[in-house]
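Here is a brief report on a two-chain model. Look at the sequence and the structure first, then read on.

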Amino acid sequence: MRNIGLRIGIVIFVLVLGIIAIYPTIRLYTDKNLSKETEIALSKKAMHLGLDLKGGMHLVLEMDTTGLTETIGDLRDRAYEIIRNRIDEFGVYEPVIERQSGGRILIQLPGVDRDRAIDLIEKVAHLEFILVVEDRIEEVLGQIDKFLQVEDTFAFEEPFTSYLIRVEQDMGIDVRDEDSVRAILDQVKDLIPADLQILFGPRESHQGREVRRFYLLKKKAELTGEVIRDAKHEPAQSQDLQHLGSWQVSIEFKREAARRFATLTGKNINKRLAIVLDGIVQSAPTIVTRIPQGRAMITGRFTAEQARDLAIILRAGALPAPLKIVEERTVGPSLGRDSITSGIRAVLIAGLLVIVFMLIYYSLSGFVADITLFLNLFLLVAILSAFRGSLTMPGIAGIALTIGMAVDANVLIFERIREELNIGKTTRTAIDQGFARAWVTIFDSNVTTIIIGVILFIFGSGPIKGFALILTIGLVSNLFCAVFVSKVIFNYFTYKFDVRKLRI
Amino acid sequence: MIEIIKSTNIDFIGKRKYGFVFSAVVILLSLILIFAKGPNFGIDFTGGALLQIRFSGPITTGELRSTLSKVGKEQALIQALGGEGIEYLIRAADEKPVEFSKSVKEVLSVDFPDNDREILREETVEPKIGKELLTRTLWAIFIALVLIFGYVSFRFDYRFGIAALIALFHDAIFTIGVLVLTQREFSIVVVGALLTIIGYSINDSIVISDRIREKYKKMRKEPYDVILNTGLNETLPRTILTSSTTLLAVLALLIFGGAVIADFAFTLLVGFVIGTYSSIFILANIVSIWEERFPKKKK
């Protein structure tokens with residue numbers, strides 16, 4: 001009966017701490033009428049839902065550094081900054097962006113439109129302004145045709161030019177021929193003069209077929225994206241019916257670049273200047289006049305969303321090297337909701353089964369075990385909230401498992417007390433001895449499971465970490481609940497009601 | 001208040017040969033299965049893509065397969081989820097998982113333009129990442145085994161440590177054997193379950209070993225077999241009770257937890273049964289044989 005008052009005090013203290021810690025979580029997930037600010041404030045102190053429950057994407061990207069001389073770490077750091085800017089501007093709530101070794105970047109975005117987010121992240125956004133070379137196109141095409149005819153005597157006349165079709169004032173190809181055209185271009189790449197290159201436009205529909213425009217450009221860009229000071233999306237002003245309702249991105253150059261742009265446009269009036277993004281010609285307007293204000297427009301058939309995203313990535317700047325998705329795990333919001341529903345159902349049923357089982361088997365003492373089980377679950381969520389941990393689907397499995405395994409400590413203690421009672425000890429001695437003897441075993445057996453939990457936490461990825469976290473917290477708090485708290489309850493009641501015969 | 005399991009007096013040690021024969025046969029069968037058929041490795045380890053798709057209208061596995069074969073993806077595993085024929089899991093090991101996933105989505109929208117789809121889950125893992133995950137996983141298992149061996153040897157006796165390790169290998173091989181037999185996907189989550197089983201099984205073994213150690217101090221005059229048997233019998237009620245509550249919880253998880261967690265729950269269920277069996281029939285028996293052959297000097 002030593003210091004029962006102090007021990008009751010400790011239990012109440014822990015309970016109060018638990019209630020304080022758990023309050024934001026309970027409020028966040030049950031109160032439907034929260035204002036945005038309260039919601040954000042609460043979520044800073046609450047348990048989080050993992051991506052597999054909330055819906056969202058987990059990406060690991062790796063840099064492709066072939067042909068680059070900088071160290072992979074520097075490149076990754078630059079890419080990391082740029083991606084962070086892009087995601088910040090895109091406006092994702094609580095993104096996770098982490099640098100990893102081997103030139104990798106880990107990104108976790110809750111609740112986003114997958115395809116749009118991938119576009120935003122993956123796009124290198126290398127913007128170039130390149131002059132179109134119109135006067136030499138005949139010459140280059142002729143050479144290609146001649147070469148192919150020599151190679152293959154059975155080829156028809158103009159084997160290459162016959163693929164080309166007219167798309168408004170440009171040449172283009174049908175996308176169904178794209179593979180063949182690219183194969184030929186690869187075959188004849190030595191024929192194309194060293195200062196020129198051939199690039200395509202984006203896919204577009206023209207007179208019922210899907211086409212890509214075809215351009216002969218200078219190799220060297222006149223200006224590149226680094227000179228951009230600002231980029232904005234805005235509705236297209238063009239009177240052209242085709243562009244009606246579409247959006248464009250207006251860019252503003254830095255001061256020095258604005259001067260170069262003015263000179264460039266001044267010297268090349270009536271020529272066409274292609275705006276090339278990641279190797280695709282977005283548009284190639286004819287220069288009508290010298291442009292001194294340092295502004296340019298990227299038109300295309302952008303939707304408002306596309307134009308907005310493009311403006312974001314132009315402002316954030318180009319990636320130093322392309323990034324490749326090496327791992328993706330995306331969960332849609334409805335699967336997340338389904339998982340929560342089935343997870344909660346499984347936990348409730350597991351809890352009910354175990355509670356009834358313990359009540360039947362140990363009667364009143366089983367009730368004490370059930371109370372400590374509740375307390376354990378309560379503390380589990382409280383600790384998770386206090387450390388802002390995430391609840392994942394395997395984490396929910398961990399809760400179910402904790403329910404099943406946590407009663408082990410009670411079982412060990414109760415079996416010991418029964419044994420002590422059987423050899424004729426008094427109720428109080430049996431309780432004291434039972435707890436004392438079971439403690440060694442409970443400690444030993446929990447330590448090994450905690451070892452496993454810690455290893456899983458360190459080595460496991462994503463959802464498994466959530467499982468390991470719950471399992472470990474559950475076991476630790478169980479040591480407190482099933483041993484300390486249940487002993488306080490036993491001591492208190494046997495003392496207060498002078499229990500002679502323990503129902504166990 | 002009931003006491004289903006009255007104090008028992010089962011001669012576990014005397015009947016150990018049945019346990020050993022049973023385990024030996026099962027382990028042999030499991031090993032044959034594992035090496036002949038191989039675990040059904042998930043994309044976590046092989047690299048590949050997984051798509052969980054919910055259609056707005058019914059569609060058959062056959063329709064899906066013929067559509068996938070148009071893009072040369074007929075090797076993909078197609079699994080119907082739920083009974084209504086609207087939700088499917090498509091999974092394939094592939095060298096280029098991102099392209100795989102993309103082409104599957106494209107061909108579905110071409111072939112079934114009127115059957116709206118929602119992508120519930122999309123996972124792609126490059127083979128390179130799969131290899132890394134496998135290495136990491138093996139390390140995790142190795143470190144877990146070393147630490148547990150260390151702890152058990154330190155708290156008890158190195159003989160218990162080695163016996164515990166043997167029991168753990170027994171449990172792991174047995175469980176993997178069942179997974180191969182049922183062709184369940186062997187994913188990173190399943191490995192998590194395997195490690196949990198190892199933890200649970202060792203937990204059981206420790207409770208029993210603790211009791212044996214206690215009996216060993218009290219029953220110095222008795223032969224070792226009797227001590228072991230007493231320890232096993234005295235802990236039997238607890239072993240059965242704890243297994244029952246744990247299995248109840250895992251069963252609830254398996255039945256009500258949904259498709260995402262089913263493999264995990266299934267592995268836990270199988271592993272816990274095996275783990276309980278092994279801590280009764282394998283661990284103490286190994287120690288008892290050891291004691292017969294190389295008796296430890298009693299102080």
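The model is predicted.

**Chain A overall**

Chain A holds 13 helices and 17 strands. Its C-alpha atoms fill a box of roughly 110 × 55 × 45 Å along the principal axes. The radius of gyration of chain A is 34 Å, whereas a compact globule of 504 residues would have one near 23 Å. Of the 504 residues in chain A, 42% count as buried. Take the contacts in chain A between residues at least 6 apart in sequence: 71% of them join residues at least 24 apart.

**A three-stranded sheet**

In chain A, 3 strands make an open sheet, ordered E11-E12-E15, with antiparallel pairing. Strands E11 (228-235) and E15 (295-302) of chain A are at the edges and have a single partner strand each, so one side of each lacks a neighbour in the sheet. From one strand to the next, the twist averages 20°.

E11(A) and strand E12 (residues 247-253) of chain A run antiparallel and are joined by 7 bridges. Lys232(A) has Ser250(A) in E12(A) as its bridge partner. Helix H9 (residues 304-316) of chain A packs on this sheet and touches E11, E12 and E15 of chain A. The direction of H9 in chain A makes about 175° with that of E11(A).

| Strand pair | Bridges | A bridge pair |
|---|---|---|
| E11(A) and E12(A) | 7 bridges | Lys232(A) and Ser250(A) |
| E16(A) and E5(B) | 5 bridges | Glu328(A) and Thr124(B) |

**The contact between the chains**

Chain A gives 56 residues to the contact, and chain B gives 56 residues. On the side of chain A that touches chain B, the elements giving two or more residues are strand E16 (323-331), helix H10 (333-386), helix H11 (393-422), helix H12 (427-459) and helix H13 (462-496) of chain A. H10(A) gives the most to this side, with 17 residues. By class, the side of chain A that touches chain B has 33 nonpolar, 14 polar and 9 charged residues.

E16(A) also pairs across the contact. Its partner is strand E5 (residues 117-125) of chain B, and the two run antiparallel. Within E5(B), Thr124(B) is the bridge partner of Glu328(A).

**Domains of chain B**

The domain assignment of chain B gives domain 1 as 16-42 + 129-293 and domain 2 as 48-125. The C-alpha centres of domain 1 and domain 2 of chain B lie 38 Å apart.

How values were computed. Residues numbered from 1 in each chain as written. Chains lettered and ligands numbered in written order. Predicted model: local features only at pLDDT ≥ 70, side-chain atom pairs only at ≥ 80, totals over all residues. Pairing = 2+ DSSP bridges. Helix = DSSP H or I, 4+ residues; strand = E, 2+ residues; numbered from the N terminus. Axes fitted to C-alpha atoms, helices over the stretch in contact; angles between N-to-C directions. Contact = placed C-beta atoms within 7 Å. Domains from an automatic or database assignment. Nonpolar A, V, L, I, M, F, W, Y, C, P; charged D, E, K, R; others polar. Rg over C-alpha atoms; globule rule 2.2 N^0.38 Å. Buried ≥ 20, exposed ≤ 12 C-beta atoms within 10 Å, placed from the backbone.
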